[in-house]
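Hi,

Here is the structure for you to look at. My notes follow below it.

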Amino acid sequence: MLNLIIGFLLLTTVAPKVEVLNNWMRPSSKDMNTAVYAKIKNNSDKADTLYSVSSTLAKVTEIHETYDKGGSMGMRKVDFIVIPAKKTFELKPGSHHIMLIKLNQDIQKGKKYTVTYKFRRAGEIKVEAIASEKAVENSSKMHNKK
Amino acid sequence: MKILKLILKLQVSILLLLLLTVSGCKSDFELNENLKGFSFTLSDQDGKTVKFPADQKDKIIVVGFIFTHCPDICPLTVNNMQLVQNALKTDGMDDVEFIAISFDPERDTVALLKKFAALREIDERNFKFLTGTRKEIDSLMSVMRIVAVTGDTTMIDGSPSYFYTHTDRISIIDRRGFLRKEYPGSKANIEEIVNDIKKLR
């Protein structure tokens, strides 16, 4: 009986296939832009692809990367990000990030805002990102919609 | 003869010592460009006219170049300047001016710069955000060797949306008005800038 209970507990506490952790975004104001950052942890034994991110916070939401061309910094849109099996991909300042273009509202320091990540295998993952000037280490609340 | 050899050895030692001192100085500050002859008329986040760099005479200036619609790199640069400001405050140094200059004056109005500073809880007592006419900003960028090129423009809700590919830089100007050193703005080493400022005091 005990074995059955332990087995049940192990099954119910197993990590989700993909986790989107440490979500944060920079404070900004209405009509401006901001960037969202996170750690995407792929716990499964198959690669997964982040192909879109949606949010009601901005008119346009895109996956971007920052590049360095001889000391000049620029940004460009990327269509998707592949997260290999059992690996973590970090969206971080000066690198890949989620761009919120033309915000519908102010993003105030310390407040939390909802962003939805869309993966080919893991489906939609809704997270709350805190507005901060630097990375947060706590895990954010996460809802898998698949 | 022995005395002559001794004098020669002494001379060589002094020469080596001088060379080491000079090379040591060069490694700290690779630049020494006089900006005193330049005066750019700009506006700060409170709408006050600022003559740059003349109004900061006798102060060390930490200067960065930004545009406020930038979501990733420019906030890092401003945050790095803010970290330097905080570090110097801890050390009791308030004779340093921090200046972030917009290379996007068409969009970066005085009101927008004020809001940008407030959102980041900048201590504005010695931190100014400057904007100006396109002509004045272009002249200043040319002198400071800053390049900013716009990418494709898209229309969102009837207004243009565009981003820049731009030089990522923080510079320091000494009390004499000489440009002394440049750092990668978004990846700057805070301790290095703080130490360099202390050396320039």
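Which residue takes a positive phi in the hairpin of β2(B) and β3(B)? It is G47(B), with a phi near 85 degrees. The hairpin has five residues between the strands. Strands here are DSSP E runs of at least two residues, and helices are H or I runs of at least four, numbered from the N terminus.

This is a predicted model: local features need pLDDT of at least 70, side-chain atom pairs count only at pLDDT 80 or more, and totals for chains, interfaces and linings use all residues. Residues are numbered from 1 along each chain as its sequence is written, and chains are lettered from A and ligands numbered from 1 in the order in which they are written.

β2(B) (residues 40–43) and β3(B) (residues 49–52) pair in the antiparallel sense over four bridges. Strands pair if DSSP finds at least two bridges between them. F40(B) stands opposite F52(B).

Pairing also links the chains. β5(A) and β10(B) (residues 164–167) are antiparallel, over two bridges. S72(A) has T167(B) as its bridge partner.

The contact takes 24 residues from chain A and 23 residues from chain B. Contact means C-beta atoms, placed from the backbone, within 7 Å.

Now the largest nonpolar core. It has 51 residues. A core is a set of buried Ala, Val, Leu, Ile, Met, Phe, Trp, Tyr and Cys residues joined through C-beta atoms within 7 Å. Buried means 20 or more other C-beta atoms within 10 Å of a residue's own. V62(B), I99(B) and I193(B) touch the most other members. Helix α2 of chain B (residues 73–90) gives the most, with seven residues.

Best wishes

Technical notes
A residue is buried if 20 or more other C-beta atoms lie within 10 Å of its own, exposed if 12 or fewer, and partly exposed in between; C-beta atoms are placed from the backbone. Two residues are in contact if their C-beta atoms, placed from the backbone, lie within 7 Å.
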